[in-house]
Amino acid sequence: MSLPPLLMRLPRRLRASGPPRRLWWSPSLRTLSVGSWRAQSSKAPAYWNQVVSEAEKIVGYPTSFMSLRCLLSDELSNIAMQVRKLVGTQHPLLTTARGLVQDSRNNLQLRGLVVLLISKAAGPSSVNASCQNYDMVSGIYSCQRSLAEITELIHTALLVHRGIVNLSELQSSDGPLKDMHFGNKIAILSGDFLLANACNGLALLQNTKVVELLASALRDLVQGVYHENSISAKEDHITNDIGISTWKEQTFLSHGALLAKSCQAAMELAKHDAEVQDMAFQYGKHMAMSHKINSDLQPFIKEKTSDPTTFNLNSAPVVLHQEILGRDLWIKQIGEAQEKGRLNYAKLRETIKAGKGVTSAIDLCRYHGNKALAALESFPPSEARSALENIVFAVTRFS
């Protein structure tokens with residue numbers, strides 16, 4: 001099968017078979033808990049917003065408007081009118097739609113910002129002058145800006161598709177069944193539309209290697225999400241025996257591949273050599289991994305430990321806790337946290353916090369952050385490089 005038909009057939013595989021999950025890229029950290037559980041994070045909302053705002057000034061314009069041309073098209077304008085019918089329900093498509101326009105806490109457009117920053121940090125190729133005639137604004141080629149938009153479109157399409165609700169698990173507070181069913185239809189339509197626009201944009205770049213990179217990233221996303229859904233669909237997934245090495249492989253597919261390969265593709269568009277492309281790939285990979293671990297840590301390091309919010313039992317702190325503790329003791333702790341046939345997440349969270357899984361996850365977060373910083377050493381000093389470093393610091397610094 002040729003590549004374009006394959007790309008067009010992928011979106012429906014991205015949809016979750018279970019209840020929607022929250023986006024992993026969630027920078028708004030509050031209070032970090034290490035040792036005394038009262039350490040303040042430098043990645044508080046105000047600090048994080050400042051880091052992102054300064055980075056946006058470097059690349060030329062706010063990334064919240066990167067996909068504006070697509071979002072203001074007639075097709076999506078019509079969809080936006082239909083989405084208004086979901087107001088008053090708990091359908092996750094509403095949250096995603098709000099985030100596309102303005103989300104200062106979660107910064108849904110961050111991937112595109114990183115692609116633009118690393119494009120500017122690398123600059124034009126010193127050994128290949130074949131792209132010197134390309135349009136350049138603020139030190140970034142127009143094709144690299146198009147790539148950043150494509151990256152965001154793919155990510156947004158994934159968000160929309162993963163927001164499809166499992167109708168068999170609805171509660172009365174979620175909203176009428178017909179409205180939730182209608183929301184699912186709109187999510188399928190709008191997600192497919194975004195992904196189709198991304199595929200069209202890729203073709204317009206006229207670079208087969210870039211198309212191959214982004215197509216493989218999309219394949220990785222499908223594989224990673226499919227694995228997550230197959231695990232969560234099993235009745236006994238609570239007791240799954242998974243090591244941190246396996247977790248890292250699966251997490252890269254579902255959360256790291258898109259950013260890593262987009263950074264590499266940005267270097268390819270500027271005709272950089274294989275070494276520079278690999279360094280960009282490594283930054284994107286380790287930056288994404290560090291951010292994912294940071295997101296996984298949030299239920300365990302918030303100051304208000306009485307928060308009843310559930311957490312993923314395949315998140316980094318839990319996997320590390322299970323690996324350190326041993327499978328038999330982990331199963332025993334799961335049993336002790338059961339109350340009337342349901343898992344008491346608050347009780348289990350306190351048990352995990354008492355172990356070494358949380359501190360080990362913080363160490364792992366810093367490890368990937370250091371790897372990301374090391375990848376930047378091959379880039380010349382600049383404002384863009386400093387902005388990329390500041391993003392890493394904001395994700396990994398616990399003080």
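Visitor: What makes up the count of helices and strands in the chain?

Guide: The chain of this predicted model has 16 helices and six strands. Helices are DSSP runs of H or I with at least four residues, strands are runs of E with at least two, and both are numbered from the N terminus. Residues are numbered from 1 along each chain as its sequence is written. Local features need pLDDT of at least 70, side-chain atom pairs count only at pLDDT 80 or more, totals for chains, interfaces and linings use all residues, and side-chain values use heavy atoms, without hydrogens and water.

Visitor: How do you know that the span of helix 6 agrees with its number of residues?

Guide: The expected span is 1.5 Å times one less than the number of residues. Helix 6 (residues 110-122) has 13 residues and should therefore span 18 Å; its end C-alpha atoms are 18 Å apart, which agrees. Helix 6 is followed by G123, with a positive phi near 70 degrees.

Visitor: Why is helix 6 called mostly covered?

Guide: Buried means under 20% relative accessible area (exposed is over 50%, partly exposed in between; 1.4 Å probe, protein chains only). Twelve of the 13 residues of helix 6 are buried, among them R111, L117 and S119.

Visitor: What makes a set of residues a nonpolar core, and which members touch the most others?

Guide: The set consists of buried Ala, Val, Leu, Ile, Met, Phe, Trp, Tyr and Cys residues joined through side-chain atoms within 4.5 Å. In the largest such core, of 95 residues, L117, I154, L214, Y283 and L348 touch the most other members. Helix 10 (residues 244-269) gives the most to this core, with 13 residues.
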